[in-house]
Amino acid sequence: MIDVAILSVIRRWALREQLSIREISRRTGLSRNTIRKYLRSDVAEPSYAKRVSSSKLDPFTAKLSAWLKTEATRSRKQRRTIKQMHLDLQSLGYQGSYNRVAAFARVWHKQHVLAQQTTGRGTFVPLVFGPGEAFQFDWSEDWAVLGGVRTKLQVAHFKLSHSRAFYVRAYPLQTHEMLFDAHNHAFAVLGGVPRRGIYDNMRTAVDRVGRGKERDVNARFAAMVSHFLFEAEFCNPASGWEKGQVEKNVRDARHRLWQIVPPLANLPALNTWLQERCLALWREIEHGKLPGSIADVWAQEQTSLMPAPRPFDGFVEHTKRVSPTCLIHFERNRYSVPAPYANRPVSLRVYADRLVVAAEGQIVCEHQRIIDRRHDGSGQTIYDWHHYLAVLQRKPGALRNGAPFVELPAAFKRLQSILLKHPGGDREMVEILALVLHHDEQAVLAAVELALEAGVPSKLHVLNVLHRLLDGTTAPAPVTSPQALQLSVEPQANVRRYDQLREVRHAS
């Protein structure tokens, strides 16, 4: 075989310099027949037959290719390794080395990626959205320092597809109530509701993915969509490019927000900082496709947005049974409920930041929600001492060591420490606490503090002061005795005067 350079020399000597074949053979060392063959074919570049080398893997390439294709569709944790495939091939009779199998797999993966890029998965169509037409939503996972602790957060991202105005809000969990709360805040900040919302197939929205665009939408998510009057649209599985704007926003937020977020006290402070930062970025970032900044284009798009209605009542409802200790359990924590509902079923409405207990068609009580993602404890118990007043009236002795009464207001605690030193002090203190069931708690506290200042810590005096406060009357002036009625000489206790009286009587 000869290469291109030698063939070029042969053709130049023979066709331009008119050298004989014998002379060319002498100079190159090639046979005269070889030189004649290439000159007669009139080719400028030699062609060689493809080299075919046999391998012990050849009988198994079809089987290995099928395995690689199947494994490529599975999640990374469930895929078989190349070593496992090598062992499986050996069980089928393969006697070659592992390196040959690994080399075949590398070539197959390169060809597979190239095929994906050239058959559509790596090729995209630019999308254009009109004003007020659509928004895109996605979740991400990021970290921030809250209260001195590095905390993992679930972050909701909204982006208007036309103006590219975006909104970011952080939550501890990716649950329905967090999703609903995020929509309430996002539409309030964005200034309205677009006609469509584009989502991936997240579990908080889609119960089951069907063929094509068929989806079994979650009932509570559908209720939220109906409330805000937009149309929910779901991407095809593994087609993030269909909501590429918010996908890019997730990546951009890493350096625009999360790399510069300062340590903050709590989650509400973080969300306030995120909102202010988003609004500032609207003014700083150029739109790119339209003249002006994102804020300029958003101001024009606002007129095309539907007015945002009242916030969606986005709770998730659970049925709970109140324990004999007037507690319900939720997320490893315990919350108190008024004593009349002990041992009865109640409805627990879970919001993003609070828990509301309802029974018999009315709101019974409300607690701030405690979310603790640590798994090394038994949770917390949140008491409201007002819920146990009905029990105290039957069992006043429980006031001394009752756990719900550890957090009584300071004035009540001082009065309790005085009354419990006297017989019947338990009952009297319970009756004073029961006043908050019929009167404003701050008024009762003020009456107790005035009674303590006056040095008369009793139920009757507290009632007297409370009624004066409620009626708006002033306390009577203190009684002062005239100077004429004051004794100049104080009497003395002297029993000998009695003996003197007896002596005078016997003498008479």
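## Packing of α9 and α10

Helix α9 (244-258) packs against helix α10 (residues 267-284) at an angle of about 110 degrees, and their axes lie 11 Å apart. Axes are lines fitted to C-alpha atoms, for helices over the stretch in contact, and angles run from 0 to 180 degrees between N-to-C directions. The two helices α9 and α10 are therefore roughly perpendicular to each other (angles of 65 to 115 degrees count as such). Helices are DSSP runs (H or I, at least four residues) and strands likewise (E, at least two), numbered from the N terminus.

Arg 256, Leu 257 and Trp 258 of α9 make the contact with Leu 270, Trp 273, Leu 274, Arg 277 and Leu 281 of α10 (contact means heavy atoms within 4.5 Å). By class, these residues are six nonpolar, no polar and two charged.

## Basis of the model

The model is predicted: local features need pLDDT of at least 70 and side-chain atom pairs pLDDT 80 or more, while totals for chains, interfaces and linings use all residues. Residues are numbered from 1 along each chain as its sequence is written, and side-chain values use heavy atoms, leaving out hydrogens and water.

## The cavity

One cavity of 30 Å³ or more is found in the whole structure (on a 1 Å grid over the protein atoms alone, a set of points where a 1.4 Å probe fits but cannot get out; lining residues have an atom within 4 Å of a point). The largest cavity holds about 40 Å³ of space, a volume being the space filled by probe spheres set on the points.

Its lining consists of Phe 166, Val 168, Asn 249, Ala 253, Arg 256, Leu 257 and Leu 281. Four of these residues, the largest share, come from α9.

Definitions and conventions
1 Å grid on protein atoms, 1.4 Å probe; cavity = no way out; pocket = protein on both sides within 12 Å on 5 of 7 lines; lining within 4 Å. Parallel < 35°, antiparallel > 145°, perpendicular 65-115°, else oblique. Nonpolar A, V, L, I, M, F, W, Y, C, P; charged D, E, K, R; others polar.
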